[in-house]
Amino acid sequence: HQFQMRGASGETTTLTIIGVLDAEYLTMTSYTVGMPTMDQLIAPEEPRFSSYYMKVAEGADAGEVAASIERVLMRYGVQAVDIEQEMLDAREQQDGMMLALQGFMGLGMIVGVAAVGVTSYRAVVERRQQIGMLRALGFQTATVARAFVIETAVVVILGAVSGAVLGLILSRNLMTDPAWTGGIDSVEFAIPWATVLTTVGVAIAAALVMSWFPARQASHTLPAEALRYE
């Protein structure tokens, strides 16, 4: 496969790809070319940068070694970094972003639980006459309350389970998509079952607790008061 690059003089140079390195051995996406080709692409007066990868001795602190290299070669503009530490810092930033997203998702779950309580309360108010009729027919208070809780539980459980399943499917598609993984085939999609089950369980339990208060209020509705007005 061939592609064209525009050099420093404005002329277009045709390059031929002779091989592709394994993505597992690269830290960034780039092209590797020889010095004659670089001379065609970059003007001699433009600054050039060279990178060298060094392996420290066993037990040595890579950060201290990098700092000592910079002190000795500072006059040549040398910059030394600890690659492992840089990757850890990038991982911490990524973890921070994920925690922020989890916080927003948690806030959305709180709003959803509150919406379940509001919906349950509206259901009690709008079906006041039906509740009074059930009570007049001899339904006990526990039976009426249980009916409202079961009705809410069906909606909440279906919503939580379907949301979790669709979220896992979307996550799996993203993790296995070559456009996201950079062509790495060794990426394994692992499901944190403890976190998923805990989140779904807490959401269902909180929603049922919010629906219990309107259901309890409905169960104590007196038939005479509920059937008094049309």
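Guide: Contact means heavy atoms within 4.5 Å, and helices (H or I, at least four residues) and strands (E, at least two) are DSSP runs, numbered from the N terminus. Here the buried residues of α3 pack against α4 (128-136), α5 (141-176) and α7 (193-219). This is a predicted model, in which local features need pLDDT of at least 70 and side-chain atom pairs count only at pLDDT 80 or more, while totals for chains, interfaces and linings use all residues. Residues are numbered from 1 along each chain as its sequence is written, and side-chain values use heavy atoms, with hydrogens and water left out.

Visitor: Which residues of α3 are buried?

Guide: Buried means under 20% relative accessible area, with a 1.4 Å probe and protein chains only. In α3 these are V113, V116, G117, S120, A123 and V124. S120 is touched by S211, which also touches T152, not counting residues up to four places away in sequence. S211 is found in helix α7 and is buried too, with a relative accessible area of 2%.

Visitor: What span should helix α3 have?

Guide: The expected span is 1.5 Å times one less than the number of residues. For the 44 residues of α3 (83-126) that gives 64 Å, and the end C-alpha atoms are 64 Å apart, which agrees.

Key: Buried means under 20% relative accessible area, exposed over 50%, partly exposed in between (1.4 Å probe, protein chains only).
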